[in-house]
Amino acid sequence: MIIMIDLHTHSNASDGSCFPAELIELGIKHGLTVMALTDHDTIGGLEEAKKAAGALGMGFIPGIELEISMQEAISGEFHLLGLGIVNPVPGFFDAVAFLAHGREERNRQILKRMADDFGINAAYEDLLALAGGNTIGRPHFASYLVKHKIVKNNKQAFSKYLAKGRPLYIPKPGLDFKLAVSVIHESGGLAILAHPMSLYIGWGRLPDYIKALKESGLDGLEAWHPTAKAGECKRLEEIANNLDIFVTAGSDFHGEARPDRKLGITAGNKKIERTLLDKIPLLAGRL
């Protein structure tokens with residue numbers, strides 16, 4: 001029998017659709033024994049999720065997914081998971097506050113572009129309502145466009161307006177990688193490169209790029225992610241093993257915003273096994 005876990009999920013504290021407690025309950029229903037909550041640039045949902053996990057007997061790993069600034073001409077995106085954020089230090093809160101300010105500025109720029117270029121006059125309060133008062137992200141803009149019948153569904157909202165390269169896409173400011181690693185470590189966590197294929201770095205360069213990140217403090221990489229092909233995930237796992245860094249896996253579950261992603265399931269419809277976590281003593285030892 002496979003004991004299932006999930007090390008990358010989102011709640012409505014960022015751009016997921018489930019309340020943190022609902023997310024834990026859903027994980028229990030799907031047979032998970034351990035979950036990490038890794039909302040974008042916020043730890044606002046961790047306390048609720050931790051309380052629910054404790055009440056239901058679920059192993060819980062407090063986490064976050066941080067936006068990292070790209071220091072070179074790479075066409076993708078760089079996200080860093082912090083797994084095991086048990087004692088956030090002041091510098092961690094400063095980093096999160098910087099990202100929150102950048103997100104708000106980005107959101108207001110998107111609203112202005114919607115009005116100026118497309119005559120779509122949405123108010124910031126409209127987006128806050130859709131976000132339930134939590135962090136506003138692109139899925140909430142997509143929900144607004146669907147609600148007002150500008151597009152048919154969220155997928156069309158992204159393909160036509162919000163995806164990278166589309167007219168309403170505006171990049172978010174990110175943290176310096178070494179700073180992000182530092183505040184994660186100081187807060188008790190491990191720094192894991194999220195969905196490495198999203199960097200859009202060719203296989204010829206990728207091993208050396210990840211090696212340089214390790215030399216700057218990277219602890220592991222999320223080799224298994226649903227946006228990658230199973231063959232790619234195996235190659236990423238091999239890179240991690242060659243560099244002697246940790247391998248993690250996640251569903252990157254968002255709920256209704258991305259209904260194709262299922263809790264406890266990653267690339268190739270593969271179940272995420274507890275044995276993966278057992279190879280990460282810092283996290284396994286806290287459960």
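**Figure 1. Overall dimensions of the predicted protein chain.** Along the principal axes, the C-alpha atoms fill a box of roughly 55 × 45 × 40 Å. This is a predicted model, in which local features need pLDDT of at least 70 and side-chain atom pairs count only at pLDDT 80 or more, while totals for chains, interfaces and linings use all residues. Residues are numbered from 1 along each chain as its sequence is written, and side-chain values use heavy atoms, with hydrogens and water left out.

**Figure 2. The largest nonpolar core.** This core has 73 residues, and F78, L80 and I210 have the most contacts inside it. A nonpolar core is a set of buried (under 20% relative accessible area, 1.4 Å probe, protein chains only) Ala, Val, Leu, Ile, Met, Phe, Trp, Tyr and Cys residues joined through side-chain atoms within 4.5 Å. Of the 287 residues in the chain, 53% count as buried.

**Figure 3. Surroundings of I210.** Leaving aside residues up to four places away in sequence, I210 touches L193, L218, L221, I239, L243 and I245; contact means heavy atoms within 4.5 Å.

**Figure 4. Another core, of 20 residues.** Among its members are Y144, A157, L162 and I170. This core lies apart from the one containing I210.

Technical notes:
Buried < 20%, exposed > 50% of the residue type's maximum accessible area, 1.4 Å probe, protein only.
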